[in-house]
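Biologist: I am new to this structure. Please take me through how to read a few of its features.

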Amino acid sequence: MHFIMILIALTIAWCLRSSWREPQGNWSLRWRRSLFLFLFPPLLIFMTAIALLFMSPQGKMGGMYTGSISYLLALIYLAFVAISCIKLAFQGWQSVESARNCPLVNVGDRQARLLQTGALFAGQIGFWQPELVISQGLVQTLSPVHIESVLAHEQGHYYYRDTFWFFWLGWMRFCTAWLPNTEPLWQELLVLRELRADGYAALRVDPLVLAESLLLVVSTSPVLSEICCAALGSSNKGERLEQRIEALLAPPEPTPEAQLQSWHNFLLAFLPLVAVIFHS
């Protein structure tokens with residue numbers, strides 16, 4: 001019976017991920033759909049493994065005997081998930097420590113860590129309380145008005161706590177790299193994250209200036225890992241860059257706050273835990 005639960009969870013996860021198609025619609029629709037298809041499958045698999053762990057390797061369920069192999073598989077999977085989280089958290093901590101070794105400078109009315117590189121870089125690095133990091137090359141190359149637009153974009157990342165939430169989403173990405181469309185969905189979430197930060201900045205600075213700053217910054221290669229980092233040039237590939245430029249030049253589109261109703265579908269991922277009460 002435990003094997004049947006595993007197969008059902010894997011089948012649902014695989015079918016949901018396979019159903020993803022090229023993004024359409026406004027920001028809110030794209031965000032809800034992409035986040036659900038990205039997050040629900042690993043959550044369902046994780047809850048199934050948790051349920052098997054609670055049910056133990058012996059006993060009966062639905063009149064069928066359970067075995068130890070499925071229990072062992074669940075245990076191995078949960079250990080892999082835990083080790084992956086520790087590994088990514090350690091890498092994120094290393095990024096934070098590296099940023100903290102950079103000197104503090106005043107940029108406009110803000111304080112930031114100065115990265116000693118000629119590359120054009122600006123980003124938030126950290127978890128819940130990230131620090132602003134900018135490069136020496138950006139300070140020397142961009143005009144004050146362009147720097148202000150970059151800082152407004154990074155303030156958007158700080159406002160939405162993107163470094164914190166995308167650390168956990170990155171963990172899900174790592175744990176389910178074997179599922180179909182993991183990487184396309186991750187890239188879609190990245191560009192939607194950047195569009196949201198662009199929209200936040202466009203309400204405070206000239207969108208055209210922000211678009212110019214974006215083109216300048218993405219012309220250089222990323223200088224830091226994506227782990228615990230949200231930078232202006234995080235999504236700089238072809239069509240995604242074009243999407244951001246078009247969004248900045250178009251009338252601003254509202255990015256509504258997350259509604260409680262949009263999270264209701266995720267409760268279905270916890271259904272495997274109900275099976276625990278039928279185990280004896």
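Biologist: How many aromatic pairs does the structure hold?

Modeller: A pair of aromatic rings is described by the distance of the centres and the angle of the planes. Rings of Phe, Tyr and Trp (its six-membered ring) pair if their centres lie within 6.5 Å; planes under 30 degrees apart count as stacked, over 60 as edge-to-face and the rest as tilted. There are 18 aromatic pairs here. One of them, Tyr160 with Tyr200, is edge-to-face, at 6.2 Å centre to centre and 75 degrees between the planes. This pair links distant parts of the chain, 40 residues apart: Tyr160 lies in the loop between α5 (144-159) and α6 (162-175), and Tyr200 in helix α7 (residues 182-202). Helices (H or I, at least four residues) and strands (E, at least two) are DSSP runs, numbered from the N terminus.

Biologist: What do these values rest on?

Modeller: This is a predicted model, in which local features need pLDDT of at least 70 and side-chain atom pairs count only at pLDDT 80 or more, while totals for chains, interfaces and linings use all residues. Residues are numbered from 1 along each chain as its sequence is written, and side-chain values use heavy atoms, with hydrogens and water left out.

Biologist: At what angle do α2 and α3 pack?

Modeller: Two packed helices are described by the angle between their axes and the distance between the axes. Axes are lines fitted to C-alpha atoms, for helices over the stretch in contact, and angles run from 0 to 180 degrees between N-to-C directions. For α2 (residues 27-55) and α3 (residues 68-100), the angle is about 125 degrees and the axes are 9 Å apart. The two helices are therefore oblique to each other (under 35 degrees is roughly parallel, over 145 roughly antiparallel, 65 to 115 roughly perpendicular, and the rest oblique). Contact means heavy atoms within 4.5 Å; among the residues that make it are Pro42 and Phe46 of α2 and Tyr71 and Leu78 of α3. The contact residues divide into 13 nonpolar, one polar and no charged. Ala, Val, Leu, Ile, Met, Phe, Trp, Tyr, Cys and Pro count as nonpolar, Asp, Glu, Lys and Arg as charged, and the others, Gly among them, as polar.

Biologist: How far apart are the axes of α2 and α7?

Modeller: They are 10 Å apart, at an angle of about 145 degrees. Contact residues include Trp27 and Arg30 of α2, and Trp186 and Glu188 of α7. This contact has eleven nonpolar, two polar and four charged residues.

Biologist: In what order do the strands of the sheet lie?

Modeller: Strands of a sheet pair through backbone hydrogen bonds, either parallel or antiparallel. Here two strands pair if DSSP finds at least two bridges between them. The open sheet has five strands in the order β3-β4-β6-β5-β7, with mixed pairing. β3 (104-107) and β7 (229-231) stand at the edges with a single partner strand each, so one side of each has no neighbour in the sheet.

Biologist: How do β3 and β4 run?

Modeller: They run antiparallel, joined by four bridges. Val107 stands opposite Arg110, and Asn106 has Gln111 as its bridge partner.
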